[in-house]
Amino acid sequence: WFMWHRALMTVGSAGTLALAAVAIGFVTGEQAASPHHVIGLAVAACTGAQVLLGAQVHEDHAKGITGKSVTYMERVHRNLGKFILVCAYVNVYLGMSILAPDNEILFWVYYVYVPIIAASFAVLEIRLQRAKDQRGDYGVIAFCRTLCRRGPCVAVAHICKSDVERARSNA
């Protein structure tokens with residue numbers, strides 16, 4: 001799966017950064033303060049950080065380096081990616097509202113496309129977490145099970161304890 005992830009994200013990141021560079025060239029004065037442009041700059045900046053984080057995490061894993069710092073970088077990488085996607089989808093909507101506010105077909109395509117992509121990511125995330133749970137990584141599924149059985153405080157303590165134990169065994 002990693003090869004697909006890297007290929008798709010390379011194309012997506014390159015496209016995002018290229019579009020941001022072109023957009024920066026066209027934006028002047030008051031336009032730069034609009035929410036669409038501010039979010040676009042944030043998405044472009046975060047995309048650059050995301051690429052660097054992903055490359056570092058992959059390099060560490062390839063070298064067999066594990067431990068607390070890799071785990072945290074990996075979490076930041078994954079969550080930053082989710083944040084970027086949400087902001088990018090919001091920004092696409094804002095951009096469509098600016099460029100083609102009367103184009104109903106474009107908006108309907110957007111209304112169909114975004115939920116399909118969101119559902120796909122949700123399914124992939126659940127599959128990844130189940131695989132991690134089976135390996136003993138105590139992901140979201142294990143957290144939810146513990147939450148349902150024992151309550152929120154025990155669930156958080158269980159996840160934190162397993163993270164500490166894993167970090168000690170990897171150190």
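**Notes on the predicted model**

1. Phe107 and Tyr111 both sit in helix H4 (residues 104-135), where four residues, about one turn of the helix, separate them. The model is a predicted one. Phe107 is buried, with a relative accessible area of 9%, whereas Tyr111 counts as partly exposed at 39% relative accessibility.

2. Tyr111 also pairs with Trp108. This aromatic pair is edge-to-face, with 5.7 Å centre to centre and 85 degrees between the planes. Trp108 and Tyr111 are again both in helix H4, three residues apart, about one turn of the helix. Trp108 is exposed, at a relative accessible area of 56%.

3. How many aromatic pairs does a search of the whole structure find? The search returns six. Phe107 and Tyr111 form a pair that is tilted, with 6.3 Å centre to centre and 45 degrees between the planes. Ring pairs also link Tyr93, Phe107, Trp108, Tyr110 and Tyr111 into a cluster.

4. On the overall fold, the secondary structure comes to six helices and zero strands, and the pattern along the sequence reads α-α-α-α-α-α. Of the 171 residues in the protein, 24% are buried. Among contacts between residues at least 6 apart in sequence, 54% join residues at least 24 apart. The accessible surface is about 11,900 Å², and carbon and sulfur atoms account for 70% of that surface.

5. Helix H2 (residues 35-62) deserves a separate point. Helix H2 has 28 residues and reaches 40 Å from its first C-alpha to its last, close to the 40 Å expected at 1.5 Å a residue. Its buried residues are His37, Val43, Ala44, Cys46, Thr47, Gln50, Leu53, Gly54, Val57 and Asp60. Just after H2, Gly64 takes a positive phi of about 85 degrees.

6. Which residues make up the largest nonpolar core? There are six in all: Val43, Cys46, Leu53, Leu80, Ile84 and Cys87. H2 and helix H3 (68-99) each supply at least two residues of this core. In soluble globular proteins, nonpolar side chains tend to be buried together. Leaving aside residues up to four places away in sequence, Cys46 touches Leu80, Phe83 and Ile84.

7. The cysteines call for a remark, as a disulfide is a covalent bond between the sulfur atoms of two cysteines. With a cut-off of 2.5 Å between the sulfur atoms, the count comes to zero disulfides. Cys46 is in no disulfide, and the nearest cysteine sulfur, that of Cys87, is 7.2 Å away.

Technical notes. Residues numbered from 1 in each chain as written. Predicted model: local features only at pLDDT ≥ 70, side-chain atom pairs only at ≥ 80, totals over all residues. Heavy atoms only, no water. Expected span 1.5 Å × (residues − 1). Buried < 20%, exposed > 50% of the residue type's maximum accessible area, 1.4 Å probe, protein only. Phe/Tyr/Trp six-rings, centres within 6.5 Å; stacked < 30°, edge-to-face > 60°. Core = buried A, V, L, I, M, F, W, Y, C linked by side-chain atoms within 4.5 Å. Contact = heavy atoms within 4.5 Å. Areas by Shrake-Rupley, 256 points an atom, 1.4 Å probe, with all protein chains shown as cover.
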